[in-house]
Protein chains: 4
Amino acid sequence: MVRVGVAGATGYVGIELLRLLRGHPAARVAAVTAESNQGKPLSEVFPHTTGLYSSEGLAGGLVAGPTEAEWLADRCDVVFMALPHGAAMKLAPALLAAGKKVVDLGADFRLRSAAVYTRWYKVEHTAVDALAGAVYGLPELYGEGVAAASLVANPGCYPTSCALAAAPLLSSGLVETRGIIFDSKSGVSGAGRSPGLGVHFGEVNENLKAYSVAGEHRHTPEIEQTLSDLAGEDILVSFTPHLVPMTRGILTTAYFTLRRPATTAEVIALFTEHYHGKPFVRVRTAGLPQTKEVLGSNYCDLAPRVDERTGRVLVVSVIDNLVKGAAGQAVQNMNLMLGLDERTGLDLAPVYP
Amino acid sequence: MVRVGVAGATGYVGIELLRLLRGHPAARVAAVTAESNQGKPLSEVFPHTTGLYSSEGLAGGLVAGPTEAEWLADRCDVVFMALPHGAAMKLAPALLAAGKKVVDLGADFRLRSAAVYTRWYKVEHTAVDALAGAVYGLPELYGEGVAAASLVANPGCYPTSCALAAAPLLSSGLVETRGIIFDSKSGVSGAGRSPGLGVHFGEVNENLKAYSVAGEHRHTPEIEQTLSDLAGEDILVSFTPHLVPMTRGILTTAYFTLRRPATTAEVIALFTEHYHGKPFVRVRTAGLPQTKEVLGSNYCDLAPRVDERTGRVLVVSVIDNLVKGAAGQAVQNMNLMLGLDERTGLDLAPVYP
Amino acid sequence: MVRVGVAGATGYVGIELLRLLRGHPAARVAAVTAESNQGKPLSEVFPHTTGLYSSEGLAGGLVAGPTEAEWLADRCDVVFMALPHGAAMKLAPALLAAGKKVVDLGADFRLRSAAVYTRWYKVEHTAVDALAGAVYGLPELYGEGVAAASLVANPGCYPTSCALAAAPLLSSGLVETRGIIFDSKSGVSGAGRSPGLGVHFGEVNENLKAYSVAGEHRHTPEIEQTLSDLAGEDILVSFTPHLVPMTRGILTTAYFTLRRPATTAEVIALFTEHYHGKPFVRVRTAGLPQTKEVLGSNYCDLAPRVDERTGRVLVVSVIDNLVKGAAGQAVQNMNLMLGLDERTGLDLAPVYP
Amino acid sequence: MVRVGVAGATGYVGIELLRLLRGHPAARVAAVTAESNQGKPLSEVFPHTTGLYSSEGLAGGLVAGPTEAEWLADRCDVVFMALPHGAAMKLAPALLAAGKKVVDLGADFRLRSAAVYTRWYKVEHTAVDALAGAVYGLPELYGEGVAAASLVANPGCYPTSCALAAAPLLSSGLVETRGIIFDSKSGVSGAGRSPGLGVHFGEVNENLKAYSVAGEHRHTPEIEQTLSDLAGEDILVSFTPHLVPMTRGILTTAYFTLRRPATTAEVIALFTEHYHGKPFVRVRTAGLPQTKEVLGSNYCDLAPRVDERTGRVLVVSVIDNLVKGAAGQAVQNMNLMLGLDERTGLDLAPVYP
């Protein structure tokens, strides 16, 4: 059994990692850390885990340790980091030096350019060597690189939903590289578990808002990096995130301009071909996908539609932001890094309704 | 006091009309009709109205009568029709012939061309004379026509949010007329009160979906008609509606391509100038509007933002779909038709939170 | 026009007071205060108020001033205090000394005994003279006292829903005074606008919990004080609050044991008689009340039902916690203190759906 | 592998059974039936199941067959019936005669007395022989009977939450058998997937209501039957169901009168002892359970609290109505009937948040 550590286990992404790892046949959770809850049993922070992790062989269940490289390296073969940006780049080099596999679920290793990172995140990058060896962990696009990597940067939730919607269109050259729009809508868990007025139920419930529009959101350069890879040229996109009164789920409506006329059937065939053999992408031929149809699972469901009146192709893309948009994709990446089938431990039916 | 009738009073739009008319100083509800609830006291269908309409001088409160022109004409000076499409065009000619003012909140008189109407709604138009005299009731754009009209076609909820977002940009020529996208998100009350799997709580809650995408939604030609008026040329748009797990509210994110560089400040100034003297449009200079900020009120809040990276201008537009998107706008139209200040009875503060 | 001040205007209760006062024909908001938002225009804290209060004659709308007695006394005839407990008892004596009418929406003057107050709220009462003159502002039960008072303690939201459910039963002697249970369920706005994990959308949405059970909630002694008044003897109750994933609304299910057999019809008649002439209590004869049926209004809807199998009478009681449970009842109290009809400014139809 | 059939697979309970059975190591779904969706692939009715059941060896995934005993008996060893009441009693005798194990998730075999069944469900019982052999499938109370049964009546969702809250108190004799109250609150999925005004999002969202109060709900006699078993005498209870704006979850607040003084610690010890070795009941010693803490899992979390002021003990009980309240408990029963560990296939961590 591979011994796994989760640094930052008491946020929404951390606790979802623990849920998924519990059912993993080849891994067991050997250590968890938490800054503010250090020393507390997990079941005290999250009563819903009562009794769940006693089988890990840890008396009294999991107890949060310190977020320190040495402490983790002593206990784990693989470390997931679900930390605020800036924290992972402090931890990763020592873990890598100790020969550990590392999956970072934060932003520190997603952007290849340290300069671009600094521009968007307002901090210097202090682990440029590690950054140079990091692989962007979107397995459907970079799976081979992931399999060979020691450090994988798990994509952001929005970028996952956007890139999977765009890949078949850009890599085939069917659409213009200019004028691409991603209108994305997310549930609240994407904002994390820290309290704030922006996640107050009274402010979110029965409400809908856009935020960080017009190129202000930090996921913009990450989306553009992947799309530029796909197209083989620099691409700028319009990305508009919205906050929806639900807990889980991202739906992205992506707009592209066709270079030549095409039918919906042709584009569906293109997507089906492109994602052949990719178990977590379901190209939907009838009907449009809804976020509830992937809730709790690692699926990304996609439905492309051609609008012949305007010469556009539109793609609806849905994921569970905490699974395919975070913890599930991280486990998928770990599987590839360990030479396992990428589906291992991820055979989750959506929870419906 | 003007005697007002509401045909189709027991749907969500009808009951919202009654809420608003109750506070109107120059009008009183003299008659209501309801197909399926005929003969029932309103307070039986809607217990929340218990005691509210006894002041109308009708013993026992309002009782639903038949949806017939003669019955309404005998009792009312103005008739609001909140009926399924196809029903209003049967009723309107006789009401107009009897000298009544009519505001139709359905689709029958929104599209100037009977042929276009038939193409989208799959029924023949049987009141082409009335249609010829109908005025599209978006007061901020067609206010003078409304003031002179006997028959006003109250706009759809989505088209209201889209047209108000587009008007300053198109009438000024600042943006391209091609490639306009309206990505709209609506609460569930826009689908009406009839039960169905699509509005089942178990299917809507904690879920988000797109529907009628790629030019399939019936509000598309209505939006295009208004935008073509504004631009002075035929315009095709991409319009994508979504269903959000909330009861009230529409947020439209509108995307336009700038013809020449402009700043956000310039565009805000353009909007402010354009809507000067329009009491129900609030151009928001700081922050982005949220649906909750207009809930229960007749406001449309607008925030334009320039994305200099992509040469786009984006407008966030919010309304309460049952007020500015339906009943409130209908009362605003009635006010203009009667020569009253358009704000009469509509001075409603948003209900927050 | 009576000049009204709102101390603590930027919480949920404060902003609801402003919404209601805006439609009041005999009062105008002359001053608002806010601790953390002092110096800010109201429209900056609450963008939904943009343009709403310019008619108050204050350039740029309302600006939050300091929560100081002298500042308020200079500007107002009546002061509403929507402050954390402990703050109102510091402010009230000076306002009363200056001849002002005061309505406190917090807990400082609700419990007649300073000792009981200290036991539950863990602070000394520093305004025992003011406390001695305070009247408990549940107008349906203490209306005459309110009319004569200078200082009114506006009841808590839960106690309002409980006391109105119990009053006809206890004052008639129909039920036992022992064994009374109030199982209450509240929307989240009752917890106020301050952020915290307990009001985080991710924790509240799709969730239901009980809290402060088994006599731990501070509203328990307040409920018992009123019920003891009604029964003429000391009463202890079981009060269990729950948090429901909705923004507004309280539903209390109250359980009583009949002293002698009675039918539902008899009990409904008793309630109808008891609340004759009380415009804000609607005794529902058919169907059971729902919170949505009073949302945004000052109504308390009540439905008693006899369970002949168990010899119990059960009462379902619903209010909007921010209106009849706070701001609306405060305006009702002000009306009585000023000799106005208690309905003035409160003729609000519920917002449905 | 045991071949399992699900009759009535396209309701909320049916689809949850399929989710759970998919992870069961000793069973595979061999047949599904659906009245209204007969002949349709499951993935057409529920797109979220796309690709999930191809591993069942059925080309194109599961296709709904007819709800007929012979068709099911040919294909299955065990049959789950998730049907409207009245339908299961038509199907069960033939399945039993064919030697099948049967778990009925409806009401037909829950009440031991056919006369009581008829009084509450208004239909004659046509399978009294099968009824005589049926075992009430609450494994924590009737586990031995379940293990020996061919026909198990899976309890209702409310009764499960109530009976588990009451069992330690009644079987120990600590509380009075009179005056017991269950104030239960349920999410909407308990009402099933059929559309109706009562489950319309616009009517349920931001709303709370009680229904079928004062002994009118059909789960009342079922609760009383189990409690009478526990106490050894006939018991009448007050049971009040409420509808909460959430999809899944039941929270029951149960009120009992102590026969002698006891502390919370003593009562927690009593519960812990009583449920020793019962893997799906978690007695919570700190904090109160919330419905979200069991969502998607088969747990029932319980927290008893003594109110020394009133001499009462209150128990908060939470389940996921579709899992421990229906499909999960049914699988637990199947496990016992097959001689498997009751946890088989049910080791599900709650989905949080």
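Two strands pair if DSSP finds at least two bridges between them. The legends below describe close-up views of a predicted model.

**Figure 1. Confidence of the predicted model.** The predicted model carries an ipTM of 0.96 and a pTM of 0.97. For chain A, the average pLDDT is 96, and 98% of the residues reach a score of at least 70. Where pLDDT is low, the predicted coordinates should not be read in detail.

**Figure 2. Pairing of strand E11 with strand E14 in chain B.** Strand E11 (residues 250-257) of chain B pairs with strand E14 (residues 312-319) of chain B in the antiparallel sense, over 8 bridges. One bridge can be followed at the level of residues: Leu251(B) has Val318(B) of E14(B) as its bridge partner.

**Figure 3. The open sheet of chain B and the helix that lies across its strands.** In chain B, 7 strands form an open sheet with mixed pairing, in the order E9-E10-E8-E11-E14-E13-E12. At its edges are strand E9 (209-210) and strand E12 (281-283) of chain B, each of which pairs on one side only. Helix H8 (residues 157-172) of chain B lies across strand E8 (181-186), strand E10 (238-243), E11, E12, strand E13 (300-307) and E14 of chain B. The helix runs at about 35 degrees to E11(B).

**Figure 4. Strand E14 of chain A with its two antiparallel partners.** Strand E14 (residues 312-319) of chain A is mostly covered, with 8 of its 8 residues buried. Arg312(A), Leu314(A), Val316(A) and Val318(A) point one way from E14(A), while Val313(A), Val315(A), Ser317(A) and Ile319(A) point the other way; all are buried. One partner is strand E11 (residues 250-257) of chain A, joined to E14(A) by 8 bridges and running antiparallel to it. Within this pairing, Tyr255(A) stands opposite Leu314(A). Another partner is strand E13 (residues 300-307) of chain A, which pairs with E14(A) in the antiparallel sense over 8 bridges. Here the bridge partner of Asp307(A) is Arg312(A).

**Figure 5. The turn between strands E13 and E14 of chain A.** E13(A) and E14(A) form a hairpin with 4 residues between them. In the turn, Gly311(A) has a positive phi of about 70 degrees.

**Figure 6. The surroundings of Lys101 in chain C.** Lys101(C) belongs to strand E5 (residues 101-104) of chain C. Lys101(C) counts as buried because 21 C-beta neighbours lie inside 10 Å, and a residue is buried if 20 or more are found there. When residues up to four places away in sequence are not counted, Lys101(C) touches Asp77(C), Val78(C), Ser150(C) and Met337(C). Gly215(C) is 114 residues from Lys101(C) in sequence and 34 Å from it in space, C-alpha to C-alpha.

**Figure 7. The contact between chains C and D.** This contact takes 39 residues from chain C and 39 residues from chain D. On the side of chain C that touches chain D, the elements that give two or more residues are strand E8 (181-186), helix H9 (201-204), strand E9 (209-210), strand E10 (238-243), strand E11 (250-257), strand E13 (300-307) and strand E14 (312-319) of chain C. By residue type, this side of chain C divides into 17 nonpolar, 12 polar and 10 charged residues.

**Figure 8. The contact between chains D and A.** Here 23 residues of chain D are in contact with 24 residues of chain A. Helix H1 (residues 12-22) of chain D supplies the largest share of the side of chain D that touches chain A, namely 4 residues. That side of chain D comprises 10 nonpolar, 7 polar and 6 charged residues. Chain D superposes on chain A, with an RMSD of 0.0 Å, by a rotation of 180 degrees and 0.0 Å of shift along its axis. In chain D, the C-alpha of Glu206(D) is nearest the axis, at 4.1 Å. The same surface serves both copies, as 100% of the contact residues of chain D recur in chain A.

Terms used: Residues are numbered from 1 along each chain as its sequence is written. Chains are lettered from A and ligands numbered from 1 in the order in which they are written. This is a predicted model: local features need pLDDT of at least 70, side-chain atom pairs count only at pLDDT 80 or more; totals for chains, interfaces and linings use all residues. Two residues are in contact if their C-beta atoms, placed from the backbone, lie within 7 Å. Ala, Val, Leu, Ile, Met, Phe, Trp, Tyr, Cys and Pro count as nonpolar, Asp, Glu, Lys and Arg as charged, and the others, Gly among them, as polar. pLDDT is the predictor's confidence in each residue, from 0 to 100. Copies are superposed by least squares on the C-alpha atoms of residues with pLDDT of at least 70 in both. A residue is buried if 20 or more other C-beta atoms lie within 10 Å of its own, exposed if 12 or fewer, and partly exposed in between; C-beta atoms are placed from the backbone. Axes are lines fitted to C-alpha atoms, for helices over the stretch in contact, and angles run from 0 to 180 degrees between N-to-C directions.
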